[in-house]
Amino acid sequence: MKRLLFIGDVVGSIGCRFLAAKLSELKRTYAVDITVVNGENSAKGNGITEESADMLINAGADIITTGNHAFRRKEGLGVFERDYIIRPANYPEGGCVGKGVCVFDMGAYSVAVVNLMGTVYLDPLDNPFTKIDEILDDIDTKNIFVDFHAEATSEKKAMGYYLDGRVTAVFGTHTHVQTADECILDGGTGYITDAGMTGPEKSCLGVEIKSAVDRLRFRMPVKFTEADGKCFLCGVLTEFDEKSGKTHKIERLIIR
């Protein structure tokens, strides 16, 4: 049995620093073999940059996934030249930098991480269900983990059931609120609707509370600022059989 740790959206520099403070001990405690971190909000003001990507890697991430903020920072586009940093695979081919799949060589076995983005209430990208079918035809390992970055819980649930028995696990991201529905589906696929976020707990999804309230209360443009204060780390630990690609255990983690 092997263990993969998936960390929910890391928010800002404060989230990166908290990850760096906690991840090493967490990996030792749970004997983690590979760590995947969603870093699409890791830069100040959201997006990902060379600096924030380096902070995540130095903290202990092996692979970084992203989402709808993948290309938010022009100065960060170069990060997608790195094989271990991926963006949603269903961005249109031809004009987008980067790739949506990372196959990580673990020696005796390999692990594939796929990044997809939902289209309900988000950008009208290529159909993620069609795209994942194409991707799975080309992946030569049974150990496949999917970061499905989506807004609608219905779309996330549908993707989980659609991929049951075809991938090792499906982790939902984007909404920054960890859900309590972690499970192993009938076909052996681990699933959770949202892994949560890593960053300041007393906040509105990582944003300073007053600015978020003012934006929703007055409907006027407001500059969001990164919240400060005590942080938490939200993630999911999966134990899987590297020969069959099936999940045998899935556990939510909240580290304060």
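**A look inside**

Tutor: Let's start with Leu19, which touches Ile7, Val10, Val37, Leu56, Ala59 and Leu233, leaving aside residues up to four places away in sequence; a contact here means heavy atoms within 4.5 Å. Before we go on, this is a predicted model, in which local features need pLDDT of at least 70 and side-chain atom pairs count only at pLDDT 80 or more, while totals for chains, interfaces and linings use all residues. Residues are numbered from 1 along each chain as its sequence is written, and side-chain values use heavy atoms, with hydrogens and water left out.

Leu19 sits in helix H1 (residues 12–29). Helices (H or I, at least four residues) and strands (E, at least two) are DSSP runs, numbered from the N terminus. With a relative accessible area of 0%, Leu19 is buried. Buried means under 20% relative accessible area, exposed over 50%, and partly exposed in between, using a 1.4 Å probe and protein chains only.

Now widen the view. The largest nonpolar core has 25 residues, and Leu5, Leu19 and Leu56 have the most contacts inside it. Such a core is a set of buried Ala, Val, Leu, Ile, Met, Phe, Trp, Tyr and Cys residues joined through side-chain atoms within 4.5 Å. At least two residues of this core come from each of strand S1 (2–7), H1, helix H2 (50–59) and strand S12 (231–241). H1 gives the most, with six residues. Apart from this core lies another, of 19 residues, including Val114, Leu116, Ile139 and Val167. For a sense of distance, Leu19 and Asp138 are 33 Å apart, C-alpha to C-alpha, and 119 residues apart in sequence.

What about cysteines? The structure holds zero disulfides, a disulfide being a pair of cysteine sulfur atoms within 2.5 Å. The sulfur of Cys231 is 10 Å from the closest cysteine sulfur, in Cys16, and that is too far for a bond. Cys231 is buried, at 9% relative accessible area. Cys183 is in no disulfide either, as its nearest cysteine sulfur, that of Cys234, is 18 Å away. At 26% relative accessibility, Cys183 is partly exposed.

Rings of Phe, Tyr and Trp (its six-membered ring) pair if their centres lie within 6.5 Å; planes under 30 degrees apart count as stacked, over 60 as edge-to-face and the rest as tilted. Phe71 and Phe80 are edge-to-face, because their planes are at 70 degrees, with the ring centres 5.4 Å apart. Phe71 also pairs with Tyr91, this time tilted, at 4.9 Å centre to centre and 55 degrees between the planes. Both of these residues lie in the loop between strand S4 (63–65) and strand S5 (101–105), so the pair ties together parts that are 20 residues apart in sequence. Phe71 is partly exposed, at 26%, whereas Phe80 is buried at 5% and Tyr91 is buried at 9%. Elsewhere on our tour, ring pairs link Phe6, Phe145, Phe171 and Phe240 into a cluster.

Finally, compare helix H5 (residues 209–218), whose buried residues are Ser211, Ala212 and Asp214. Down the axis of H5 these fall within an arc of 165 degrees, so they line one face of the helix; the arc is that of the directions from the helix axis to the C-beta atoms. On the other side of H5, Lys210, Leu216 and Arg217 are exposed.
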